[in-house]
Amino acid sequence: MMKKIFSLLTAGFLALGLMGCSGLHDLVENPYVPGGSGGDDSGQSGGSAWIAGEPTGGEFKEMTIEGEVFTFSFTYDANGAWGGKEGETRFTIISAADWDVYKEPNGYRWQSKLDTAATPEQAGELTEYEYDNHCVISGLTKGRTYKISASLTTTGGILSVAEIAVPDYQYLFGYYVVGDFTKAYDEKGEEKGWKVSPEYALAMPFSKSIENGDVVYKVEFTAPAGSIEFGIATIDWSSKYVGATIEVTSDKDVSDTVKLQTSGENNKVSGLSAGSSYYIVVTSKVDGTVTLAVETGRFVMIAGCRAIHLDYEDRDVGETVYFLEDWIPGNDWGANNPHGEIDASYTAEVKFSSPVKISTNEIKLQMVSYNGTGEFWDDKVGKGTKTAKNPNDLTTGYLVYDCEEDELSFVSEN
């Protein structure tokens with residue numbers, strides 16, 4: 001019955017053709033469909049949809065396309081981000097991974113109408129975004145997994161949420177990548193074979209998919225030669241995954257994916273560049289299948305952090321900026337953290353003793369201006385966590401926050 005009501009609501013809403021109320025576009029309402037193109041006078045707009053907020057940890061995540069509906073699945077952790085109350089999650093839906101894309105022609109952003117939340121029992125209505133408003137879902141239970149569904153138009157849409165089952169994840173804890181790059185040597189420098197090393201353990205999954213249950217592990221290695229052999233095995237090799245033959249080609253960042261076997265010859269990889277960085281990508285599926293791919297190493301080296309243009313209108317900055325995040329050397333989430341004094345050009349800078357390699361797609365940074373009085377977190381530079389896109393272009397540079405532009409970016413100094 002709920003699905004029928006939702007379908008009727010969606011069909012009716014798409015047919016209304018109402019005018020937008022934000023004044024940013026003054027557009028006629030048309031369907032915003034996955035993969036669609038054209039302006040609002042063409043009768044169709046669309047492409048991708050992105051979500052950012054409490055369900056994503058603040059990062060932009062591209063929504064999955066199911067027919068003409070955009071979806072995103074998440075486990076509710078009740079962290080109260082974006083002002084969410086107990087049982088509530090807040091976020092934004094936007095037509096690109098850009099907070100301000102809605103200000104551009106054929107760019108869109110959505111919020112819940114009149115801040116009315118959708119619930120697992122009832123769909124909610126969306127409208128055009130207005131400053132500092134959110135899409136809101138309530139009636140959630142901590143630890144439960146949910147799927148958000150959004151049927152969008154250029155000026156609104158329908159938002160719904162439903163609880164879904166957690167996949168039966170198949171983990172590979174206790175397995176190690178063991179091969180030519182994990183050789184052991186005796187005191188005379190003579191080779192003694194392969195060794196098991198904790199740095200090559202399949203310990204912490206790189207990602208877990210709520211949609212299909214895939215558990216992905218990534219293990220970084222430096223190629224000792226153009227061709228290598230290795231196995232994915234337990235310490236005593238009583239259980240192993242082998243049998244793949246992979247060629248790494250220069251035209252692709254990730255090789256073809258190969259299904260692994262539990263017996264046979266070791267995995268063989270060719271086409272590597274000796275001395276270069278790569279990732280072994282192991283995926284464990286819910287049906288027990290394990291696959292292997294090799295990914296070319298992509299990263300940046302962050303030499304330090306800067307905050308610039310700190311003296312801008314309506315801001316009472318202190319004399320020191322503290323740079324905080326887990327990846328920052330010396331981070332203690334307090335006043336002993338790496339920090340820079342604000343100089344005459346209203347810039348604060350910290351330089352690390354050695355550059356930090358970052359290979360994630362996005363880089364997070366938090367900054368606090370603190371003078372030793374009051375609460376340490378009272379004066380957040382930029383009002384909270386900032387995120388920069390990682391170019392992963394193998395360069396070295398600084399993570400720079402521009403207070404005037406309210407923008408964090410990686411600036412290469414190569």
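Good morning. The model is predicted, so local features need pLDDT of at least 70 and side-chain atom pairs count only at pLDDT 80 or more, while totals for chains, interfaces and linings use all residues. Residues are numbered from 1 along each chain as its sequence is written, and side-chain values use heavy atoms, with hydrogens and water left out.

Let's start with the whole chain. How many helices and strands does the protein chain have? It has one helix and 32 strands. Helices (H or I, at least four residues) and strands (E, at least two) are DSSP runs, numbered from the N terminus.

Next, burial. Buried means under 20% relative accessible area, exposed means over 50%, and partly exposed is in between (1.4 Å probe, protein chains only). Of the 414 residues in the protein chain, 47% are buried. The chain exposes about 20,800 Å², and carbon and sulfur atoms supply 47% of that area. Accessible areas come from the Shrake-Rupley method with a 1.4 Å probe; for residues, only the protein chains shown count as cover.

Now contacts. A contact means heavy atoms within 4.5 Å. Take the contacts with a separation of 6 or more: 59% of them involve residues 24 or more positions apart.

Let's look at one residue, Tyr241. Tyr241 sits in strand β19, residues 240–241. Is Tyr241 buried or exposed? It is buried, because its relative accessible area is 14%. What does Tyr241 touch, beyond its neighbours within four places in sequence? Its contacts are Leu172, Tyr175, Gly231, Ile232, Leu260, Gln261, Thr262, Asn267 and Val290. Compare Tyr241 with Val177: they are 64 residues apart in sequence, yet 9.7 Å apart in space, C-alpha to C-alpha.

Thr234 is in the loop between β18 (228–233) and β19. Its relative accessible area is 15%, so Thr234 is buried. Leaving out residues up to four places away in sequence, Thr234 touches Gly174, Tyr175 and Ser239. Tyr175 is also among the contacts of Tyr241.

On to charges. Side chains of opposite charge can pair when their charged atoms come close. A salt bridge here is a side-chain nitrogen of Lys or Arg within 4 Å of a carboxyl oxygen of Asp or Glu. The whole structure has 16 salt bridges.

Pair one is Asp214 with Lys285, where the closest N and O atoms are 3.2 Å apart. This pair links distant parts of the chain, 71 residues apart. Asp214 is in the loop between β16 (207–208) and β17 (215–222), and Lys285 is in the loop between β23 (277–284) and β24 (290–296). Asp214 counts as buried because its relative accessibility is 15%. Lys285 is partly exposed, at 27%.

Pair two is Lys252 with Asp256, with the closest N and O atoms 2.6 Å apart. Lys252 is partly exposed at 33% relative accessibility. Asp256 counts as exposed, at 51%.

Lys386 is buried, at 14% relative accessible area. Asp406 is partly exposed, at 44%. Elsewhere, salt bridges that share partners join Glu59, Lys61 and Lys364 into one network.

What about charges without a partner? Patches are made of residues with over 30% relative accessible area and no salt bridge; like charges are joined within 9 Å, and nonpolar side chains (Val, Leu, Ile, Met, Phe, Trp, Tyr) within 5 Å. Lys and Arg count as positive and Asp and Glu as negative; His and the chain ends are not counted. The place of a charge is NZ of Lys, CZ of Arg, CG of Asp or CD of Glu. Which residues form the negative surface patch? They are Asp98, Glu104, Glu404, Glu405 and Glu407.

Glu104 is in the loop between β7 (89–94) and β8 (109–112). It is partly exposed, because its relative accessibility is 47%.

Last, backbone angles. Most residues other than glycine have a negative phi. Asn106 has a positive phi, near 60°. Asn106 lies in the loop between β7 and β8, and is partly exposed at 44%. Asn392 also has a positive phi, near 50°. Asn392 is in the loop between β30 (380–389) and β31 (396–402). At 13% relative accessibility, Asn392 is buried.

Thank you.
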